[in-house]
Amino acid sequence: MTAVNVRNLRKTYRHRGKEYKALKGVSFSVKKGEMYGLLGANGAGKTTTINILAGLLTKDSGKADILGRDVEKHEEWVKDRMNVGSAYTWLTGILTVRQNLKVYGKLYGVKDIDRKIDELLRQFNITNLQHTKVYRLSTGQVIRTILCKTLINNPPVLLLDECTVGLDPEMAQKTRAILKDYQKRQGTTIIFTSHNMLEVETLCDRVGIMHNGKIMVEGTPKQIRKLAKKKTIKIDAIGPMPIARALGKLDLDIIYSKKDTIIFHAPEKLKLPTIINTLVGEKFDIIDMNVRKPTLEDVFIKLSKGEIRGKAK
């Protein structure tokens, strides 16, 4: 079953006679129970997409459905069945953490609100802050409070926009684990936006990489990584000539080299035994070798340079 369906979504901002096309025909769908990552640099269109799905912005054209209902025509119905979390979510500073969560719990008609709040405070390790006014919290503490708010109503659909910004590495890791566990237990559909490549790669079942208002490639993290095609290899070896000369007949994209060290991109078809045998045949002693497979970041950089087009297969 499709939980979120977006087709040819377009949005243009107008200011002082100037136009900025934020979305230029964005299309994707998310299955029920899937975590879908929208990845891209600032200004790519991620937040605009989330805000249209959340009912905070109106689209110029296109289609945006959640759980089979148009987000504009059935706004209240949709909002009752989802929640939104962002680093920029508004909380009332003069209210305490617990008071803020209680307000949202009542808005969503949550039964046994206090029990639910206690559970969330424990999960995000902020029970000791429950009676602290929000304006006194650090950035990371505010983010954890916002994450509690997003789960207060056990939403079937969850929209998370840069929701781990400001968390220290340990808490960010714990938050990812909580979200993944929650998704599996509740069967929740989650759209997760970020410019943190590793975070999206770790969390998401499928990923769409946005650039200049479009989704340029889409697929599982593994499928998208394959688009980079080249692995990065570093070799330290001692021999009778510069190492780059010894490997000169191979199809290498050299990033750095000096006499006994080389770093290069190698095409997928070039296997390690070929590289090793070439060096051994030239009387080299290999001291160290490190192979780094392509990452989502590699694909993103190539996309921004126009070196990759089309969708992951």
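**Figure 1. A patch of positive charge on the surface of the predicted model.** Four residues gather in this patch: Arg-10, Lys-21, Lys-24 and Lys-214. One of them, Lys-21, has its place in strand S2, which covers residues 18-31.

**Figure 2. Charged side chains of the protein.** The protein carries 56 positive side chains and 33 negative ones. The centres of these two sets are 3 Å apart. Arg-10 and Lys-214 are among the residues of the positive surface patch.

**Figure 3. Helix H11 and its buried residues.** H11 spans residues 296-304. Its buried residues are Leu-296, Asp-298, Val-299, Phe-300 and Leu-303. After H11 comes Gly-306, which has a positive phi near 80°.

**Figure 4. Elements that cover the buried residues of H11.** Strands in this cover include S3 (35-39), S9 (206-211), S10 (214-219) and S14 (285-292). Helices H7 (197-203) and H8 (221-225) are also included in the cover. Phe-300 is one of the buried H11 residues.

Figure 5. Of its 313 residues, 49% count as buried. The accessible surface comes to about 16,100 Å², and carbon and sulfur atoms account for 49% of that surface. Among contacts between residues at least 6 apart in sequence, 68% join residues at least 24 apart.

Key
Residues numbered from 1 in each chain as written. Predicted model: local features only at pLDDT ≥ 70, side-chain atom pairs only at ≥ 80, totals over all residues. Heavy atoms only, no water. Patch = residues over 30% accessible without salt bridge, like charges linked within 9 Å, V, L, I, M, F, W, Y side chains within 5 Å. Areas by Shrake-Rupley, 256 points an atom, 1.4 Å probe, with all protein chains shown as cover. Salt bridge = Lys/Arg side-chain N within 4 Å of Asp/Glu carboxyl O. Lys, Arg positive; Asp, Glu negative; His and termini not counted. Charge placed at Lys NZ, Arg CZ, Asp CG, Glu CD. Helix = DSSP H or I, 4+ residues; strand = E, 2+ residues; numbered from the N terminus. Buried < 20%, exposed > 50% of the residue type's maximum accessible area, 1.4 Å probe, protein only. Contact = heavy atoms within 4.5 Å.
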